[in-house]
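My notes follow in the order I took them.

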Amino acid sequence: AATRVQPRPKNLLASPGLTTMVLILEFLLADVAQDDAVAAALPATLRLLRRRRPVEVASTPVRSRWCGRLTELLRSDCASARHAGIALVVETATQLDEAAFAAHREPWAVTLLSLSTQRSGGDAIRSASAAALTELLAVASRWPVQRRDAAVHAPRLLGALLSMAERPSASATADADVGGCSVEAEVVTSTLKLARVAPHCVRAQRSRLASAVTQILLQPTGGAGAAAEARAAAAIDGEKAQAQRAQAEADAAAKAQLAESKGLCESARSSAARLVATAEEDEAKAGVDEAAAA
């Protein structure tokens, strides 16, 4: 029989503090305790994870149990549990500090890489696993040591992405809730992200990459090909927009610094003028006093 999940107290979300975050994570652990029920709980679980970010501040024991449960979901025999585990790993990884990330990085990366290279699992789970591993590499890039250690998975990940990209006809038979065009676009998007976090790896395969992406975008699959092209174009536009936002922020910071410098200069000039005026007043007063004394 399935384990009955206790309802969350209504004031749980409104109460800040470490104890509350531990309680939230405990309730989420109960929500994902059953492999066959985790898919139904996934939307609410993700919303709570993103809204309250309990993994950031929860105590180490409960956080370790949560991360360990996610590893179990990735290795589950239930396909829906694996899909849920992939989504939860991506969200959880963004909330971990370096020590916690280092403790769970390898089990997650190895399992995701295995899922992304197993053709028997279907293109939907393969592309989702590859996308999740790409996100893990992006998180690892925050810390030099983690970036170096995680980079060993980049070549095989790129190989899995290129393998999926070179088999567009197989992608068209993906699960109905994902859709062939979504799988192909996700492959392109993941490859673009991988190029940002592991450019050396992508450069080594640039000829094969160009051929595979061209095959995706030009395949004669009607609406699916057009949708894939649109999704890939949107991903490229997103990368450009991110770069433009970063440049705009840098320009704004430079302008603010310049304005601050100008303000300091004006303040210094004003102070100097006041000092000169005060000195002149003191000198004039001293002259009047000397004349009066004479």
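I began with the contacts of R63. Beyond the neighbours within four places in sequence, R63 is in contact with L25, V55, E56, A58, L96, D97 and A100. The model is predicted, and every entry here should be read with that in mind. I placed R63 in helix α3, residues 60-74. Is R63 buried or exposed? The relative accessibility is 10%, and the cut-off for buried is under 20%, so R63 counts as buried.

Next I looked for aromatic pairs. The search of the whole structure gave me 1. The pair is F101 with W143: the ring centres are 5.5 Å apart and the planes stand at 45°, so I noted the pair as tilted. I then checked where the two residues sit. F101 is in helix α5 (residues 98-117), while W143 is in the loop between α6 (123-140) and α7 (144-150), so the pair ties together parts 42 residues apart in sequence. I also looked up their accessibility, and both F101 and W143 are buried.

Last I went through helix α2, residues 38-52. For the buried residues of α2 I wrote down V38, A41, L42, T45, L46, L48 and L49. After α2 comes R53, and I noted that its phi is positive, near 50°.

Definitions and conventions:
Residues numbered from 1 in each chain as written. Predicted model: local features only at pLDDT ≥ 70, side-chain atom pairs only at ≥ 80, totals over all residues. Heavy atoms only, no water. Helix = DSSP H or I, 4+ residues; strand = E, 2+ residues; numbered from the N terminus. Buried < 20%, exposed > 50% of the residue type's maximum accessible area, 1.4 Å probe, protein only. Contact = heavy atoms within 4.5 Å. Phe/Tyr/Trp six-rings, centres within 6.5 Å; stacked < 30°, edge-to-face > 60°.
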